[in-house]
Amino acid sequence: MGGGSIIIFLLFGLVYGILWIYCLVDILRSDFKDSNMKIIWIVVILFAQLIGPLVYLAMGKSTKITTYS
């Protein structure tokens, strides 16, 4: 493996780690329409490592309670 491949792999890992943490914090700070959705989304993020954050970003907003202040 060349040096460029390692750098790209590390950058992808860093971006993915930041996305994963962002989704987990967003889940913990949000209120959901169904009280069990918070636990379900945490399980999805933890066990569907590669696709979980992307699924949450695509579908999670519709399960949240929207509050306008």
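Q: What do buried and exposed mean here?
A: Relative accessible area decides, computed with a 1.4 Å probe and protein chains only. Over 50% is exposed and the range in between is partly exposed, while buried means under 20%.

Q: What kind of model is this, and how are residues numbered?
A: The model is predicted, so local features need pLDDT of at least 70 and side-chain atom pairs pLDDT 80 or more, whereas totals for chains, interfaces and linings use all residues. Side-chain values use heavy atoms, without hydrogens and water, and each chain, as its sequence is written, is numbered from 1.

Q: In what order do the elements run from the N terminus?
A: Helices (H or I, at least four residues) and strands (E, at least two) are DSSP runs, numbered from the N terminus. The protein has three helices and zero strands. The order is therefore α-α-α.

Q: Which residues of helix α2 are buried, and why do they share a side?
A: Helix α2 covers residues 37-47, and its buried residues are Met37, Trp41 and Ile45. An α-helix has 3.6 residues a turn, so residues three or four places apart point the same way.

Q: What share of the 69 residues is buried?
A: The protein exposes about 5,300 Å², by the Shrake-Rupley method with a 1.4 Å probe, and for residues only the protein chains shown count as cover. Carbon and sulfur atoms supply 73% of that area. The buried share of the residues is 25%.
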